[in-house]
Amino acid sequence: MIGEPVPHDLTRTTRRLAELRRAGAASDGIDERAILDAVPTADELEKALRSADRAVVAPGPDGSPRGYGLVWSWTETDGTWLHLLDVWAAPGASRSTDERDLFVHLEEDVRRRVGRGDRAATLGANSRSREVERRALLRDLGFADAFAVVEMEASREVASAATLPDGVGVRTARPDDAARIADLTARVWTGRDHFVAPSVDDVRGWLARADLDLYLLAEHGPDLVGLASATLWPHVAEIDDVQVHPDWQRRGTATALLVDLAQRVGARTSAPLRLRTAAEDPAGARSLYERLGFRVVETHHRLRKRL
């Protein structure tokens, strides 16, 4: 039946699911450069099934796995108690039915677990623009569009005319910068929806895993006024964070950081650059990236349903 608990032979199960994901990548329209909704490896999928708040597997008629469902739960900075439903089923005649059954099963499970507490829970689910049937299914299940994220790509060469504001210098990050970076992130994102402020420990973890030669900080005297960081993957270089203190926005800081970062990335790889940002462009980030030569390659819709 749909929604069986994760089996004991998890490694074997995830290998099979990973094979199905790879085989279905073309029909799913996923390219090798994707940084959002990329095809997971068997190890990545096994880790997800082990670490998710809830995980179930959908078996086929012969008992072999043909899909899975995960629930990830967290509380956003504005108090929203979100339960993200991550569902995938192998392409084929039964795919729509399998995915519907998985979504329904996971929603029922979340409803049982949250009960009648004093916190209002919200379900989340994701869909790319080309997944027309997925979005139609989610809307039929009561989900509505909440916001969208665009994935953008540029060649490794971006616009090169960039000057830092007077008195601002750039250096690479150090592990002991974690507290300052956490403070900057909280300040930059204050008041925005769908956000979880990172703790200092979160940032320490990011810095421990990061390539610090590609993690740039912009400072004015003792003040941290901006940052930009990138990660190198086999087929793409990802700009994974760009932030500028509100008092220093629209003064060229972000442009200068991005140009510097792109040059550093270009010295190490010929892969294209990708990044993700809010489609609605609330702070002008998307417009900046477009001026630097980035173009949208995919739109990722984030849907929600209040329980």
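Let us start with contact, which here means heavy atoms within 4.5 Å. This is a predicted model, in which local features need pLDDT of at least 70 and side-chain atom pairs count only at pLDDT 80 or more, while totals for chains, interfaces and linings use all residues. Residues are numbered from 1 along each chain as its sequence is written, and side-chain values use heavy atoms, with hydrogens and water left out.

With that in hand, take a look at Asp241. Leaving aside neighbours within four places in sequence, Asp241 is in contact with Tyr215, Leu227, Ala228 and Ser229. Asp241 lies in strand β10; helices (H or I, at least four residues) and strands (E, at least two) are DSSP runs, numbered from the N terminus. A salt bridge is a side-chain nitrogen of Lys or Arg within 4 Å of a carboxyl oxygen of Asp or Glu. What Asp241 does have is a polar contact of 3.0 Å between its side chain and that of Gln243. A polar contact is a pair of N or O atoms within 3.5 Å; within protein, one must be able to donate a hydrogen and the other to accept it, and residues adjacent in sequence count only if both atoms are side-chain atoms.

A nonpolar core is a set of buried Ala, Val, Leu, Ile, Met, Phe, Trp, Tyr and Cys residues joined through side-chain atoms within 4.5 Å. The largest such core has 30 residues, and those with the most contacts inside it are Val158, Ile239, Leu261, Leu273, Tyr289, Leu292 and Phe294. Elements that give two or more residues to this core include β6 (144-154), β10 (237-244), α8 (253-266) and α9 (285-291). Helix α8 gives the most, with seven residues. A second, separate core of 19 residues includes Val71, Ala121, Leu123 and Leu141.

Next comes a pair of strands. Strands pair if DSSP finds at least two bridges between them. Six bridges join β2 to strand β3 (residues 65-75), and the two run antiparallel. Within this pairing, Ala58 stands opposite Gly67 in β3. Strand β2 (residues 54-59) is mostly covered, with five of its six residues buried. The β2 and β3 hairpin has five residues between the strands, and there Gly63 takes a positive phi near 90 degrees. Further along β3 we find Gly69, which counts as buried because its relative accessibility is 0%. Apart from neighbours within four places in sequence, Gly69 is in contact with Arg54, Ala55, Val56, Asp86, Val87, Leu102 and Leu106.

Positive phi also turns up in residues other than glycine. Asp37, in the loop between α2 (25-28) and α3 (42-51), has a phi near 60 degrees. Arg250, in the loop between β10 and α8, has a positive phi of about 65 degrees. Are these two residues buried or exposed? Asp37 is partly exposed, with a relative accessible area of 32%, whereas Arg250 is exposed at 75%.

Finally, let us follow the charges. A search of the whole structure finds 32 salt bridges. In one of them, the closest N and O atoms of Asp28 and Arg95 are 2.8 Å apart. Asp28 lies in helix α2 and Arg95 in helix α4 (residues 95-114), so this pair ties together parts that are 67 residues apart in sequence. Both Asp28 and Arg95 are buried. Another salt bridge joins Lys305 and Glu107 at 2.9 Å, N to O. Here the pair ties together parts 198 residues apart in sequence, because Lys305 lies in strand β12 (residues 295-306) and Glu107 in helix α4. Both Lys305 and Glu107 are buried too. Salt bridges also link Asp31, Arg33, Glu151, Glu153 and Arg274 in a network.

Terms used
Buried < 20%, exposed > 50% of the residue type's maximum accessible area, 1.4 Å probe, protein only.
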